[in-house]
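Welcome to this short tour. Keep your viewer ready, and select each stop as we reach it.

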Amino acid sequence: MASSLLTLTTNISYLGDMTQLNQFLSVIKSEFPEDRLTYQKAVPTFHPETAEDAARLFQLANRHKQPIFITGFGNNIDPQGKPFTEMVSVRTDRLNKLIEIAPEDFYVTTGSGYPLKEINVHLEDEKLWLPHSSLPYVGSVGGAIAAGLSASFDNHDFPLRKYFIKATVVTPEGEIIEPGSVCFKSVSGYEIVKIFSGSWGLLGFIVSASFRVMPLSAETEYDRMLQKPLEREALLKALDETNDAVDAVYSRKIKARFDPARVLPVV
Ligand SMILES: Cc1cc2nc3c(=O)[nH]c(=O)nc-3n(C[C@H](O)[C@H](O)[C@H](O)COP(=O)(O)OP(=O)(O)OC[C@H]3O[C@@H](n4cnc5c(N)ncnc54)[C@H](O)[C@@H]3O)c2cc1C
């Protein structure tokens, strides 16, 4: 009896969730061209083509309290797994352009869905080079930044964030911001753009990113560079409410400030 009551309650709550999700999907259909929404392994997936598309989606998600999961090339969607049953995925596959190479100013800008490994193919024509584009990371620019891609080089930590200088980001509340600068020596003090490195899709949606690049002749100096495994545990520990280490408390404050409606939950 107790178990059938439990099943009934679970089913009712599941239907309630689905109703909310279905309502949100109808809002998407009424606000955007039809092709923005697809189903990837049964998970409703939104494909923004501009920062404005993404901003509008996040504004609507706040209004409708709809949880969202950001994805690049990642294939970690499990339609049977509970975490994705009530969620909409936002995928960067249409933000896949190489936007600008500025040889005079030593930077490159790409959409967040651009493959990190492709950058050096195009920089080479300008005799330029981005170290982390030579790593065996088969992912997108946005994913590499958000996952905190790093290498080791002569026993030193050598993160991609060192070269990550500017971005266009849609905040979880749906505001478009452009932290950072392509100028050499733009700020003294903490650069807010770096906060998105290692943010694992929890602080906002990276639309495009700029990286400082170096002359191609430097490439041989970095041939001992080795990709490090990605590490999500540190962030999860920091977000654990029982962790009262100063860094952890600070991380939770940043998360609460950026995402008060919690539209980007940990999944
Ligand atoms: C826990 C874990 C560990 C992994 N370790 C490795 C590893 O050590 N080496 C390796 O080569 N591959 C690793 N992978 C596989 C890697 O995820 C795949 O190579 C994948 O295809 C990379 O795609 P992506 O870079 O587009 O990032 P995704 O896998 O799509 O996303 C990675 C993270 O970044 C966030 N994200 C993605 N795009 C954006 C964006 N535009 N704005 C904000 N956040 C964004 C996502 O929410 C997610 O949290 C790992 C995967 C996982 C889940």
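Two residues are in contact if their C-beta atoms, placed from the backbone, lie within 7 Å. This is a predicted model, so local features need pLDDT of at least 70 and side-chain atom pairs count only at pLDDT 80 or more, while totals for chains, interfaces and linings use all residues. Residues are numbered from 1 along each chain as its sequence is written.

**Stop 1: Ile206.** Select Ile206 and leave aside its neighbours within four places in sequence: Ser112, Gly142, Ile145, Ala146, Ala167, Val169 and Phe196 are in contact with Ile206.

**Stop 2: the core.** A residue is buried if 20 or more other C-beta atoms lie within 10 Å of its own, exposed if 12 or fewer, and partly exposed in between. A nonpolar core is a set of buried Ala, Val, Leu, Ile, Met, Phe, Trp, Tyr and Cys residues joined through C-beta atoms within 7 Å. The largest one here has 48 residues, and Ile145, Phe205 and Ile206 have the most contacts inside it. Now select helix H2 (residues 51-64), which gives the most to this core, with six residues. Helices (H or I, at least four residues) and strands (E, at least two) are DSSP runs, numbered from the N terminus.

**Stop 3: two loops.** Most residues other than glycine have a negative phi. Select Ala42, in the loop between strand S1 (37-40) and strand S2 (43-46); its phi is positive, near 70 degrees. Is Ala42 buried or exposed? Ala42 counts as exposed because it has 11 C-beta neighbours inside 10 Å.

Finish at Trp200, in the loop between strand S11 (176-177) and strand S12 (205-212). Trp200 also has a positive phi, near 45 degrees, but Trp200 is buried, with 20 other C-beta atoms within 10 Å.
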